[in-house]
Amino acid sequence: MSEPSLEPAGPIGVLDPDEDVDLERPWIVLVWNDPINLMEYVTFVLRKLFGYSEAKAHGLMLQVHLNGRAVVSNGSREDAERDVFRLHEHGLWATMQQDD
Amino acid sequence: MTDHRDVGGDDLDRDDLDPDASWVTESGDDEFVATIPPSVEPLVTRRLAAGAAVWSPNLSIEIDEPDGRRALDEAEMTGLIDDASRTCSELIGRPMAPEQLLVLTQAASILATVWSMSLAENEADAAADTAERAWVDAVGKLAADCETMLFARIRPRSDGTFSLHWRAADRAVIADATAELRGVLSSDDPAVSRLFPSAYGSDGERNAGWDVLMRGELIERRLQALEVVADLMGRDRCDAEELGAFMRAVNDARLVLGTRLDVDESGVPGDLDPADRASYAEYEHLGFLLALTIRALRGTL
């Protein structure tokens, strides 16, 4: 992407090192459907934040719209927290959970 | 708008397709009108009335879906063309609010796409006559002129910045919606909770930890974006970063307003009291400005 200055540095993570979590299992970030956000806005935000192609972002947006949710990214817990923060900053309804 | 030509009939005057002479003009503050010149008007009226009746059913367009691209079936194509034709018939020649101009732009763009595709298909057997070509040119010009007018508020410049041309109604809606947002951002107003979703679904303990650490930071970012919006209302130029902040703030304001109005995907309820009707108009206007901003920013991705 050509506009790195648009991206916030991201928050300090809330990962607690003493917490009992399985570090092997990756985390996934979900975006949930809502009746207000414009479809083209969701597509744009997914392209901007994750560098996805128009086709991929559009497909994910349609999954959210038609199925109620879509997995938009995955990785470590810190990665997921950063992604959720940025999605919340853009007004998308995002949650994170450990992959089953 | 008036047209000083007094020619009529079906013979297309090529000057009427001059790209510099727009068919879409501003007829008042935030009011637009699309006027088809007399030489093209009978043809356009006839084809919009015919809709999909003259559509060749072996042609279709493809859309993207989660499991790949698929072609629209015959009924879907017919419905698409008929709906777009009806929308154009209804909106051409009458004063339009900005959101109606957006609707006309979308409808004319659909028709321009499908009929130019149909023309290309039929050209092979040399049966495509001049009237068909004139129709495709006319609906293409209508779509292009609508789009030019629609995007006139935020114009991407060759140096990567944007020139801004807000209208009085834009400033009024943005001032009102952002003041409302700023006033409730740090409160426990239920509509604002939409801006701070729970990060961990139903895990209450983790959500509480997330909220303690992140809400303050999210509020701070949102206040910064609101500062940028206030600044941009008085400027005629901005960069992509500022326009991105504008986009987020307008979306935030729209989320709060939409939550308060209890908007669902079925559209605007019919039985609204006057206060709610005004709020819906503001909600629609914010959506319109948001769509324009997204389109302007797409070139930066």
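## The second largest pocket

H3(B) is the main contributor to the lining of the second largest pocket, with three residues. Helices (H or I, at least four residues) and strands (E, at least two) are DSSP runs, numbered from the N terminus. The pocket's volume is about 280 Å³, and its lining consists of B:Ile61, B:Ile63, B:Leu80, B:Ser109, B:Ile110 and B:Thr113. By class, that makes four nonpolar, two polar and no charged residues. Here Ala, Val, Leu, Ile, Met, Phe, Trp, Tyr, Cys and Pro count as nonpolar, Asp, Glu, Lys and Arg as charged, and the others, Gly among them, as polar.

A word on how pockets are found: on a 1 Å grid over the protein atoms alone, a pocket is an open set of points where a 1.4 Å probe fits, with protein on both sides within 12 Å along at least five of seven lines, while a cavity is a set from which the probe cannot get out; lining residues have an atom within 4 Å of a point. Grid points are joined across faces, edges and corners, and a volume is the space filled by probe spheres set on the points.

Residues are numbered from 1 along each chain as its sequence is written, chains are lettered from A and ligands numbered from 1 in the order in which they are written, and side-chain values use heavy atoms, with hydrogens and water left out.

The predictor's confidence in each residue, pLDDT, runs from 0 to 100. Chain A has a mean pLDDT of 83, with 76% of its residues at 70 or more. Over its residues 1-13 the pLDDT is below 50, and this stretch has 29 contacts (heavy atoms within 4.5 Å) beyond near neighbours in sequence. Chain B averages 86, and 90% of its residues score at least 70. Within chain B, confidence is lowest in strand S1 (residues 24-28), at a mean of 78, and highest in helix H7 (residues 240-260), at 97. Residues 1-12 of chain B stay under 50. Where pLDDT is low, the predicted coordinates should not be read in detail. For the complex, the predictor gives an ipTM of 0.80 and a pTM of 0.67.

## The largest pocket

The largest pocket has a volume of about 1200 Å³. Of its 47 lining residues, the closest to the centre are A:Asn37, A:Leu38, A:Met39, A:Glu40 and B:Gln106. Elements giving two or more residues to this lining are strand S1 (27-32), helix H1 (39-50) and helix H2 (54-67) of chain A, together with strand S3 (62-65), helix H3 (98-123) and helix H8 (274-298) of chain B. H8(B) supplies the largest share, eight residues. The lining divides into 23 nonpolar, eleven polar and 13 charged residues.

## The sheet in chain A

In chain A, three strands form an open antiparallel sheet in the order S2-S1-S3. Strands pair if DSSP finds at least two bridges between them. S2 (69-75) and S3 (94-98) of chain A stand at the edges with a single partner strand each, so one side of each has no neighbour in the sheet. From one strand to the next, the twist averages 30 degrees.

Five bridges join S1(A) to S3(A), and A:Leu30 stands opposite A:Thr95 in S3(A). Helix H3 (residues 77-89) of chain A packs on the sheet, touching S1, S2 and S3 of chain A, and its direction makes about 165 degrees with that of S3(A). Axes are lines fitted to C-alpha atoms, for helices over the stretch in contact, and angles run from 0 to 180 degrees between N-to-C directions.

## Strand pairing in chain B

Chain B has an open antiparallel sheet of three strands in the order S5-S6-S7. Two bridges join S6 (residues 162-164) of chain B to S7(B), with B:Ser163 opposite B:Arg237 in S7(B). H8(B) packs on this sheet, touching S5 and S6 of chain B.

Elsewhere, a hairpin joins S3(B) to S4(B) through two residues.

Note on methods
Predicted model: local features only at pLDDT ≥ 70, side-chain atom pairs only at ≥ 80, totals over all residues.
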